Amino acid sequence: MGLTAFTQSAQDTLIQDLVNTIHQSDEYDKNKIEVIDQLRTKLQNTSPGSLQVIFETTEKIYEEYKVFKYDSAYLYANKLLEIARQTGNGNNLAAAKMKISFILLSTGLYKETYDSLQNISADLITDTLKKAEYYTLWARYYYDVAAYANDNYHSADYDSAGSVYLDSAILYYPAGSFERTYYTGLRYFKQNKRDSAYSYFSSLLQQSHLSYHQYALAASTLSNIYQQHGDINKTIELLVKATEADIRSSTKETLANFHLAELLYKIGDLKTAAICIENAVANAAFYGARQRKVQTNSILPLIEGERINSIEEQKRNLIKYASVVTILGLLLAVLIYIVFKQYKNLKIAQQLLSLSHEQQQVINKQLEHTNKELENANKQLEEANEKQEEANKIKEEYIAYFFNTDSQLYAKLDKIKSTLLRKIKERNYDEARFFVDKIDPEKEKKELLQNFDKLFLKLFPHFVDEVNALLHPEAAIKLKENELLNTDLRIFALIRMGVTDTEQIARILDYSVKTIYAYKTKLKHKSLTPNENFDDKIMKIRAL
């Protein structure tokens with residue numbers, strides 16, 4: 001078994017959970033009392049002639065009380081003894097006497113426990129579980145006496161006697177039961193065979209069906225093994241879990257919270273140690289366990305004394321801090337006086353500086369105004385230059401375009417003329433008519449527009465994207481395959497080229513003025529900007 005890693009934050013969380021559980025103790029006790037009241041009601045409603053049912057119900061009430069409250073458990077144990085005598089059942093009689101013995105042992109009455117156990121005849125017990133309980137009581141009696149004696153002379157003999165009885169008890173517990181596993185582990189622990197004991201206790205803690213009381217027993221005993229190995233963190237973790245399980249099961253006869261308080265005291269966690277020992281004292285007082293009261297009273301003054309020392313140390317530190325603060329306050333007063341004197345001198349200097357600063361600001365404002373005027377002039381000049389450069393570029397491209405177009409047109413006209421003259425001379429009128437029919441003005445117009453589109457997009461390659469950026473996303477213009485510009489785009493392309501007259505645009509595109517207005521209005525209605533600003537936005541699209 002190796003030592004475990006346990007971070008401080010994890011331990012802090014575990015301790016805080018424990019403190020919260022301790023604060024909820026009253027709620028768990030309230031639930032316990034409700035269960036007991038239900039059993040009492042059932043007992044009152046049981047027919048007087050049903051002695052076995054009365055015995056079993058009384059036994060359940062005792063089981064609820066046995067680690068919860070000594071005097072009530074002792075009362076119901078004696079009632080069980082009376083009922084057992086009436087039933088004449090040997091097992092019932094032995095069970096009642098063992099329950100009295102358990103309560104006497106739990107409250108630290110060792111002589112009375114011994115006398116009570118001596119009064120039980122093992123031969124009359126036929127139930128194997130009750131035999132196991134009988135031998136377990138003897139084993140626990142000797143172990144507890146050994147712990148109470150705590151010397152180098154008698155404790156070993158008591159432990160040895162306890163182990164003999166425990167060996168007998170283990171034989172009667174069913175294989176795989178909690179008791180068989182737990183007491184086998186305890187037997188190895190008493191023999192100092194810690195690794196073997198560890199395997200039994202750790203296997204118990206991995207079981208999901210354990211009651212809170214069973215979990216607390218296994219965790220508390222396993223913590224002893226970790227403590228002997230020097231793993232304080234794991235010891236504290238197990239004791240915290242055992243204490244929480246005891247609280248949830250309303251177990252008042254327990255040592256887990258006492259041992260936890262001892263360890264927390266040793267590592268310096270006085271606040272939590274005090275909470276745990278106060279819980280242990282309250283449990284011992286509530287249950288009525290004499291030996292637990294003695295044990296808790298032995299450490300309670302140490303913890304309280306250490307807490308008082310801690311408080312006194314805090315007070316001394318506060319006095320020191322107060323003295324330091326007082327001295328610092330006096331120094332601060334002196335510094336304030338010096339600063340005030342300097343402040344008066346600085347105020348005079350600041351007045352002079354303010355005057356100079358005001359004069360400087362006047363000069364700066366004048367300079368800023370001049371700079372702004374120069375900047376505006378530069379911007380206007382830059383814009384004019386850009387527009388001029390753009391206009392020159394457009395002129396160059398379109399002049400070249402129209403010269404080229406005119407030369408092509410003249411070449412076509414010359415070809416048409418010569419061909420027609422030749423056909424007329426040859427009196428071949430049918431071929432002349434056929435040649436004339438082949439001339440397609442619409443095709444020529446279409447080619448003219450395509451050439452215009454190519455030239456325009458050469459100058460404004462991002463025109464389509466920038467127009468779409470002015471429109472709502474769902475209204476973006478989507479061109480057909482092999483289409484460079486559509487009618488909407490050509491109208492605003494002409495506007496961007498400086499052709500703003502609607503009639504002129506209509507003539508160029510071979511549409512009516514009304515149709516051009518309709519196209520323009522429709523596109524403007526899809527715009528993200530106001531209609532009156534749309535043309536300005538178009539004009540701001542820059543040429544390449």
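User: Where do K111 and D115 sit, and how many residues apart are they?
Analyst: Both lie in helix 6 (residues 110-118), 4 residues apart, about one turn of the helix. Helices here are DSSP runs of H or I with at least four residues, strands are runs of E with at least two, and numbering goes from the N terminus. This is a predicted model: local features need pLDDT of at least 70, side-chain atom pairs count only at pLDDT 80 or more, and totals for chains, interfaces and linings use all residues. Residues are numbered from 1 along each chain as its sequence is written, and side-chain values use heavy atoms, with hydrogens and water left out.

User: What do K111 and D115 form?
Analyst: A salt bridge, with the closest N and O atoms 3.0 Å apart. The term means a side-chain nitrogen of Lys or Arg within 4 Å of a carboxyl oxygen of Asp or Glu.

User: Why would residues spaced like that face each other?
Analyst: An α-helix has 3.6 residues a turn, so residues three or four places apart point the same way.

User: Is K111 buried or exposed?
Analyst: K111 is exposed, at 59% relative accessible area. D115 is partly exposed, at 40%. The cut-offs: buried is under 20% relative accessible area, exposed is over 50%, partly exposed is in between (1.4 Å probe, protein chains only).

User: Which residues are joined into one salt-bridge network?
Analyst: E59, E63, K66 and K99, through salt bridges that share partners. Within it, K99 pairs with E59, the closest N and O atoms being 3.2 Å apart. K99 lies in helix 5 (residues 90-106) and E59 in helix 3 (residues 51-65), so the pair ties together parts 40 residues apart in sequence. Both K99 and E59 are buried.

User: How many salt bridges does the structure hold?
Analyst: 14. Another of them joins R40 and D37, with closest N and O atoms 3.7 Å apart.

User: Switching to aromatics. How many pairs are there?
Analyst: The structure holds 28 aromatic pairs. In W138 and Y165, the ring centres are 5.3 Å apart and the planes at 15°, so that pair is stacked. W138 is in helix 7 (residues 128-149) and Y165 in helix 8 (residues 155-172), 27 residues apart. Rings of Phe, Tyr and Trp (its six-membered ring) pair if their centres lie within 6.5 Å; planes under 30 degrees apart are stacked, over 60 edge-to-face, the rest tilted.

User: Is W138 buried or exposed?
Analyst: W138 is buried, at 2% relative accessibility. Y165 is partly exposed, at 25%. Both belong to one aromatic cluster, whose members include Y114, Y134 and Y172.

User: Now helix 19. How many of its residues are buried?
Analyst: 10 of the 10 residues (487-496) are buried, so helix 19 is largely enclosed by the rest of the structure. N486 caps its N-terminal end: a side-chain oxygen lies 3.3 Å from the backbone nitrogen of D488. Just after helix 19, G498 takes a positive phi of about 105°.

User: What is D453 in contact with?
Analyst: L484, L485 and R490, leaving aside neighbours within four places in sequence. Contact means heavy atoms within 4.5 Å. D453 lies in helix 17 (residues 441-459) and is buried at 1% relative accessibility.

User: Last one. What does the secondary structure come to?
Analyst: 22 helices and 0 strands. Of the 544 residues, 37% count as buried.

Technical notes:
Polar contact = N/O pair within 3.5 Å; in protein donor to acceptor, adjacent residues only side chain to side chain.
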